[in-house]
Amino acid sequence: MSAERDLMLVAPWYRWPRQALPARQTRPVLQKYDIADPMSAFRKDPQRSLKFIEDDLVHSVVKAPALPSLPVPLQNLQRRLSPLTSVPTDVRKLFLETHKRSYLVVCELHVDDPGFPCVDRREVCEAGFVIRRRKVTFPAEAEAEVRDIVGDLGAASAELAQVQRRADGMRMAIVRDGADRPAVVALTQAIAQRRDGVDLERRRLAEWADRVGARRTELGWEPDPTTERIGRWKVVDAEPQELTETTVRLYPLVPATPDENTSGVTLYFGLVPTGTADATVDGTARFDDETLYQIRCYVRRHDPGCPRTSKPGDCHGELIWSRPTDPYRLASHFDLTGTSNRPVTVQLPDLQALEAEAAMGRGAPFRLKSPERSNLVFENDPTTMMPIMIGRDAAFCSFAIPLITIVATFLFKLFLPIIVISFQLWFLLKLRFCIPPTVEIGGGGALDAAIAGSLDVDLDASVKIGLEDEFEIIVGPGAGPHLTGEYSNQVLIDLRKDLAKDMSLPSFAPSFTAGLEYETPVLRAEASLR
């Protein structure tokens, strides 16, 4: 291949239509999987991957928009468990391996000639990608203005999300029981107005960036040559010809049975790391859940003057760089959506079986060793009545794992209602979906009917007492009067509905695969260079 022919790394052909750009201007793409070995799945079928949905977007926390006023008797009641809400942004979120999600970056190599032909992979001696941080620099005096713009953008996005949720609920009501269709038309018009408001704020942000001279730079991870797993983020050239930053290998697709969609195509793919042990010299982790990242892929053109070897990068040929992928952020370890993807069951001890085994003299294998002057045993000094440590000698204590589990579970159940009620953290109840199976909700259908007819009026005294009694049972003593005295009927109904589920029953067990949506395959003949 002549060295004068320009090579281009672009998106795989089946993603060209989605980027709405000429093929030569497309970017490598990320593909999502719910399996531990996505590379094997990609080799079997490059297009089979999960769709990116709203859950895969970073959500920002903003103040919830105001709701219509309630009648006078109910105006002092809160309409939400929290005055905050989360709205989706345009930034993609990558979940972690612990969230049962993995990602590949995929690109395709072409020659910038008429017809945009693919390149024979034998002309490439190395392929890989780098993960960069995105950083925007601007004058310090412009920060206050951009904070206001970002705040207005968040508020506009929250209003749009609220109207969209109402429209989705209205559409479901039409399917279920034939709700008012003109109301849906009105909501659709409201959505268009809110979307115009969001677009206006985005234009304000772009105009601000142009006016103050905001500049985007890229930072690459440069490893310390003398210390393993230590490095730093450093400003780098977007498309350097000498690699000094950490790279990840890309692999060529070699289909076992080429077909009309894979024959003659030069695809490269690599596993995107969402975690690493790398850190800076002060211990700051290389990756976090607050920074924007992006990926650039590269291939090294083989220098005809260099002898070929089996090792990557066997010559010093030209590096061909792709455009950066769409920016992304990593999910936090405790992300609710992410942790919901991987079910975890902890089997609590059977007390009767434990009692029988203990009576037989079974041991306690979990040992705690306290060094000298570290055995935490105290008593009060009789003269000063101040605590003094008496456990000065080293000591061993043995426990059975079931004993630790029982105590920890008891303390959790004991203190959860205390914390929720004492600090008024009622939204935490949404994170708990179980009650003891022996507890029965007393109101039944009569209470349900009474509540359903009282969404916008004050609750009847008997209905309110019934709700208070139920929350006393489900949450804990003192919860009933607090909840019914502070929140509107709709909040109480939604909360009661969630808390009254006994998730220990198989009928309530959620499916962790039923909701997975896969990308629709595209025929190669349908891809257009534009």
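How many helices and strands are there in the protein? The protein has eleven helices and 18 strands, where helices (H or I, at least four residues) and strands (E, at least two) are DSSP runs numbered from the N terminus.

1. Basis of the note. This is a predicted model, in which local features need pLDDT of at least 70 and side-chain atom pairs count only at pLDDT 80 or more, while totals for chains, interfaces and linings use all residues. Residues are numbered from 1 along each chain as its sequence is written, and side-chain values use heavy atoms, with hydrogens and water left out.

2. Overall figures. Of the 530 residues of the protein, 35% count as buried; buried means under 20% relative accessible area, exposed over 50%, and partly exposed in between (1.4 Å probe, protein chains only). The protein exposes about 31,400 Å², of which carbon and sulfur atoms supply 56%; accessible areas come from the Shrake-Rupley method with a 1.4 Å probe, and for residues only the protein chains shown count as cover. Among contacts (heavy atoms within 4.5 Å) between residues at least 6 apart in sequence, 73% join residues at least 24 apart.

3. Strand β2. This strand (residues 29-33) is largely enclosed by the rest of the structure, because five of its five residues are buried. Cover is found on both faces: Val29, Gln31 and Tyr33 are buried on one side, and Leu30 and Lys32 on the other. Strand β2 pairs with strand β5 (residues 102-111) in the antiparallel sense over five bridges; two strands pair if DSSP finds at least two bridges between them. Within β5, Ser102 is the bridge partner of Tyr33.

4. Phe52 and Tyr103. Rings of Phe, Tyr and Trp (its six-membered ring) pair if their centres lie within 6.5 Å; planes under 30 degrees apart count as stacked, over 60 as edge-to-face and the rest as tilted. By this rule the count comes to eleven aromatic pairs. The pair of Phe52 and Tyr103 is stacked, because the ring centres are 6.3 Å apart and the planes stand at 15°. This pair links distant parts of the chain, 51 residues apart: Phe52 is in the loop between α2 (38-44) and β3 (57-63), and Tyr103 is in strand β5. Phe52 is partly exposed, at 23% relative accessible area, whereas Tyr103 is buried, at 0%.

5. Tyr298 and Trp321. These two residues form a tilted aromatic pair, 5.3 Å centre to centre with 45° between the planes. Tyr298 lies in strand β12 and Trp321 in strand β13 (residues 319-321), so the pair ties together parts that are 23 residues apart in sequence. Tyr298 is buried at a relative accessible area of 1%, and Trp321 also counts as buried, at 8%.

6. A charge sits over a ring if NZ of Lys or CZ of Arg is within 6 Å of the ring centre and within 35 degrees of the ring normal. Arg92 lies over the face of Phe52, at 3.8 Å from the ring centre, and Arg132 over the face of Trp321, at 5.4 Å. Elsewhere, ring pairs link Trp221, Trp233, Phe287, Tyr293 and Tyr328 into a cluster.

7. Thr291. This residue is found in the loop between β11 (267-271) and β12 (293-301), and at 15% relative accessibility it counts as buried. Its side chain is joined to that of Asp288 by a polar contact of 2.8 Å. A polar contact is a pair of N or O atoms within 3.5 Å; within protein, one must be able to donate a hydrogen and the other to accept it, and residues adjacent in sequence count only if both atoms are side-chain atoms. Not counting residues up to four places away in sequence, Thr291 touches Arg133, Tyr328 and Arg329.
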